Amino acid sequence: MTDALPRGINHIGITVPDLEEATRFFKAGLGAKVAYDGLTRDDEPRCGAQTEEQLGLPPGAKIRRQRMIVAGTGPSLELFEIEGPQRAAVGLADLGLNHLSFYVDDIEGSLRRLVDAGGQALSAVHPNSRYEDTPGNGSVYVRAPWGTLIELQTIPSGHYYPDDSEAEVWTPPRAG
């Protein structure tokens, strides 16, 4: 029954300390565009026992604002501004989701743009790992102002695959 299988990733949710600042960062650094605001300053916050149960929020947490943005092609990003108990953003060694990766054609220019928007590069651009290490490849991690890790990656000569590969990795199409 193939209808029960996912089509792909629809969106990725990110909790940020300030929705407007995060939106400015994503717009300036990645050319993101706002699709819509699911919850504005004029709306009552989403909160209470039912919301806590449905979304796995800690007791007393309130979703103050919610915005869907789009950066290039692929999944959208849903930004949440939440009042209540929070922990720092996870790093690569922590369990669970740990970074967003954006495919770029001009990795040095994209890195400058993201740093100019307020991100912190963790290193210079470096080679990708096995199966991504074709000519012209590169990768670099940038920490967003609130701590989320963002990877910029380019693989202009494409991936290669082992003989037992069951699928090929999706790469966003060139804009055009």
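## His 126 and its contacts

Once neighbours within four places in sequence are set aside, His 126 is in contact (heavy atoms within 4.5 Å) with Gly 138, Ser 139 and Val 140. Gly 138 sits 12 residues along the chain from His 126, and their C-alpha atoms are separated by 5.4 Å. You'll find His 126 in the loop between strand 7 (120-121) and strand 8 (138-143). Helices (H or I, at least four residues) and strands (E, at least two) are DSSP runs, numbered from the N terminus. With 30% relative accessibility, His 126 counts as partly exposed; buried means under 20% relative accessible area, exposed over 50%, and partly exposed in between, using a 1.4 Å probe and protein chains only.

A quick note on the model: it is predicted, so local features need pLDDT of at least 70 and side-chain atom pairs count only at pLDDT 80 or more, while totals for chains, interfaces and linings use all residues. Residues are numbered from 1 along each chain as its sequence is written, and side-chain values use heavy atoms, with hydrogens and water left out.

## The whole chain

Let's zoom out. The protein chain has 3 helices and 9 strands, and along the sequence they follow the pattern β-α-β-β-α-β-β-β-α-β-β-β. Its C-alpha atoms fill a box of roughly 50 × 50 × 35 Å, taken along the principal axes. Of the 176 residues, 34% are buried.

## Helix 1, one face in

Helix 1 covers residues 19-30, and its end C-alpha atoms are 16 Å apart, which agrees with the 16 Å that its 12 residues should span at 1.5 Å a residue (the expected span is 1.5 Å times one less than the number of residues). Its buried residues are Leu 19, Ala 22, Thr 23, Phe 25, Phe 26, Gly 29 and Leu 30. Seen down the axis of helix 1, they fall within an arc of 160 degrees, so they line one face of the helix; the arc is that of the directions from the helix axis to the C-beta atoms. As a rule, an α-helix has 3.6 residues a turn, so residues three or four places apart point the same way.

Now for the ends of this helix. Asp 18 caps the N-terminal end of helix 1, with a side-chain oxygen 3.0 Å from the backbone nitrogen of Glu 20. Just after helix 1, Gly 31 takes a positive phi of about 70 degrees.

## Salt bridges around Arg 67

A salt bridge is a side-chain nitrogen of Lys or Arg within 4 Å of a carboxyl oxygen of Asp or Glu, and by this rule there are 6. In one of them, the side chains of Arg 67 and Glu 20 meet at 3.0 Å, N to O. Arg 67 lies in strand 4 (residues 62-70) and Glu 20 in helix 1, so the pair ties together parts that are 47 residues apart in sequence.

Arg 67 also meets Asp 37 in a salt bridge, at 2.5 Å, N to O. Here Asp 37 lies in strand 2 (residues 33-39) and Arg 67 in strand 4, so this pair ties together parts 30 residues apart in sequence. How exposed are these side chains' residues? Arg 67 counts as buried at 6% relative accessibility, while Glu 20, at 22%, counts as partly exposed. Asp 37 is partly exposed too, at 33%. Glu 20, Asp 37, Arg 65 and Arg 67 are linked in a network of salt bridges.

Notes
A polar contact is a pair of N or O atoms within 3.5 Å; within protein, one must be able to donate a hydrogen and the other to accept it, and residues adjacent in sequence count only if both atoms are side-chain atoms.
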